[in-house]
Amino acid sequence: MTHDPQARPGTLAVHAGEPRPQPHDAVTTPIALTSTYAFRDTAELRDHFEGRITRDEYGRYGNPTVAVAERKLAALEAAEDCALFSSGMAAITTALLTLLRSGQHVVLTADGYRRTRQFVTGFLARYGVEHTLVPPGDLAAIAAAIVPGKTRVVLSESPTNPYLRVADLRALAELCRPHRGLKLLIDSTFATPVNQQPLTQGAHLVLHSCTKYLGGHNDLLAGAVCGDAALVGLVREQRGVLGGVLDPHSAYLLTRGLKTLELRVQRQNATGQRVAEFLAGHPAIDRVHYPGLPDHPDHLVARAHMRGFGGVVSFLVRGDEARTSRFIDRCQIARIAPSLGGVESLIEQPALMSFYELSTEQRLAIGIRDNLVRLSLGIEDPDDLLADLARALAD
């Protein structure tokens, strides 16, 4: 590769991972739409399987376009290697299936993506993998939950979904360090490598739903596992068995999205801070959850360990479910949709979007209130977004 590994994120985002010259002297990485690869002769086949040469063999094991996106993301995360998947959940489930077996134990922070929690507490539990849910940010609870010789994974988002709790990654790493075989996995989807690099703070693997900020345009599904070469190699081998590979066209879109990652995230950081401060001072809002605000429980941790606070703001509207729905319906810029991190602002009422099948009591038991709103800021003009929110909140 032609990039300087010490280059700053903006330069890495554009140039890292891409060979020069490209095939056909293209500036952008071409899409290699092929499911299989031909060998010149049986001698080349032997050289491949005996490790004397490195080349592609079959689409489930590798693709040139996918490899470029993997190298680029690895450079941004300061990782030795990266394996891409067909979705964020494919990345998380494959990583956990690689590291865990029956009779072992995983510690999971309670505030987080519902499908991750469902996989740990439902699917893995059926196969004899035990779990403990702990409050995010409670280092004492996490330390108490670790069972020496049995706990193999501590998994946390940072920031978490939807309350944006921020983990002290260095402290978490120190908790895990004395326990042989224990791996710290951090889902850094909300942060991106622009705002934090968990591997540099002691995590063993960093996970992403690339569908969100990394792709950035609400037009692809992808997931990533980044870390040291040996550990990612084990996950990649399992990917070849389970089959959750990323297609080359989505890898092309991801590479394109990564090139503007720093620009987009910087804009979303700035807009997120302005929107959070506006909502915190508005009489129609009960509470704002954003790590850039001084009253957030992890504000000092976020200031110490992150370069920005992100483009997602969660808040409680003063009123019931119906009042909250009326506010969302009045918003003209943000679209009502799941997901986050794209150039378009998206808004949702989790009680109706992600947890509709649960009763109010069941939702409250997992911390989801009827008047909770999650707003993912895009790259629209922040003044227009603020004006739109003000109109929607006016009675």
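Where does proline 162 have its place? Proline 162 is in the loop between strand 4 and helix 7. The model is a predicted one.

**Loop between strand 4 and helix 7**

- The loop runs between strand 4 (151-157) and helix 7 (169-176), and proline 159 is found in it.
- Serine 158 is joined to proline 159 by a cis peptide bond, with omega near -10°.
- The bond from asparagine 161 to proline 162 is also cis, and its omega is about 10°.
- Leucine 164 has its place in this loop too.
- The phi of leucine 164 is positive, near 60°, and the residue is not a glycine.
- The relative accessible area of leucine 164 is 2%, so the residue is buried.
- As background, most peptide bonds are trans, and most residues other than glycine have a negative phi.

**Threonine 192**

- A positive phi is also found at threonine 192, where the value is near 65°.
- Threonine 192 belongs to helix 8, which covers residues 192-195.
- Threonine 192 counts as buried because its relative accessibility is 1%, and buried means under 20%.

**Glutamate 77**

- Glutamate 77 sits in the loop between helix 3 (64-76) and strand 1 (81-85).
- The residue is buried but has no salt bridge.
- Arginine 307 is the nearest side chain of opposite charge, at 7.1 Å from glutamate 77; a salt bridge would need a side-chain nitrogen within 4 Å of a carboxyl oxygen.
- The side chain of glutamate 77 does make a polar contact of 2.6 Å with the side chain of histidine 208.
- Apart from neighbours within four places in sequence, the contacts of glutamate 77 are Pro193, Gln196, Gln197, Pro198, Leu199, Val206, His208 and Cys226.

**Arginine 264**

- Arginine 264 is part of helix 11, residues 261-280.
- With a relative accessibility of 4%, arginine 264 counts as buried.
- The side chain of arginine 264 reaches the backbone oxygen of glycine 257 at 2.8 Å.
- Beyond four places in sequence, arginine 264 is in contact with residues including Tyr213, Leu214, Gly215, Gly216 and His217.
- Further contacts of arginine 264 include Gly257, Leu258, Gly341, Val343 and Ile379.
- Between arginine 264 and glycine 311 there are 9.6 Å from C-alpha to C-alpha, although the two are 47 residues apart in sequence.

**Alanine 95**

- Alanine 95 lies in helix 4, residues 88-99.
- Its relative accessibility is 0%, so alanine 95 counts as buried.
- Leaving out neighbours within four places in sequence, alanine 95 is in contact with Leu185, Leu207, Val225 and Val235.
- Alanine 95 and glutamine 238 are 143 residues apart in sequence, and their C-alpha atoms are 8.3 Å apart in space.

**Helix 13**

- Helix 13 covers residues 321-330, and Arg323, Thr324, Ser325, Phe327 and Ile328 are buried in it.
- The cover over these buried residues includes strand 9 (312-317), strand 10 (335-336), strand 11 (346-348) and strand 12 (372-376).
- Helix 14 (350-353) and helix 16 (382-393) are also among the elements that cover them.

**Largest pocket**

- The largest pocket holds about 740 Å³ of space.
- Its lining has 33 residues, and Asp56, Gly62, Asn63, Pro64 and Ala67 lie nearest the centre.
- Helix 3 and helix 9 (229-242) each supply at least two of the lining residues.
- Helix 3 gives the most to this lining, with 7 residues.

**Cavities**

- There are 4 cavities of 30 Å³ or more in the structure.
- The largest cavity holds about 70 Å³ of space.
- Residues that line the largest cavity include Leu108, Thr109, Asp111, Gly112, Tyr113, Thr116 and Arg117, and also Leu155, Ser156, Glu157 and Asp187.
- Strand 2 (105-109), helix 5 (114-126) and strand 4 are the elements that give two or more residues to the lining of the largest cavity.
- Strand 4 gives the most to that lining, with 3 residues.

Definitions and conventions:
Residues numbered from 1 in each chain as written. Predicted model: local features only at pLDDT ≥ 70, side-chain atom pairs only at ≥ 80, totals over all residues. Heavy atoms only, no water. Helix = DSSP H or I, 4+ residues; strand = E, 2+ residues; numbered from the N terminus. Buried < 20%, exposed > 50% of the residue type's maximum accessible area, 1.4 Å probe, protein only. Lys, Arg positive; Asp, Glu negative; His and termini not counted. Polar contact = N/O pair within 3.5 Å; in protein donor to acceptor, adjacent residues only side chain to side chain. Contact = heavy atoms within 4.5 Å. 1 Å grid on protein atoms, 1.4 Å probe; cavity = no way out; pocket = protein on both sides within 12 Å on 5 of 7 lines; lining within 4 Å. Points joined across faces, edges and corners; volume = space filled by probe spheres on them.
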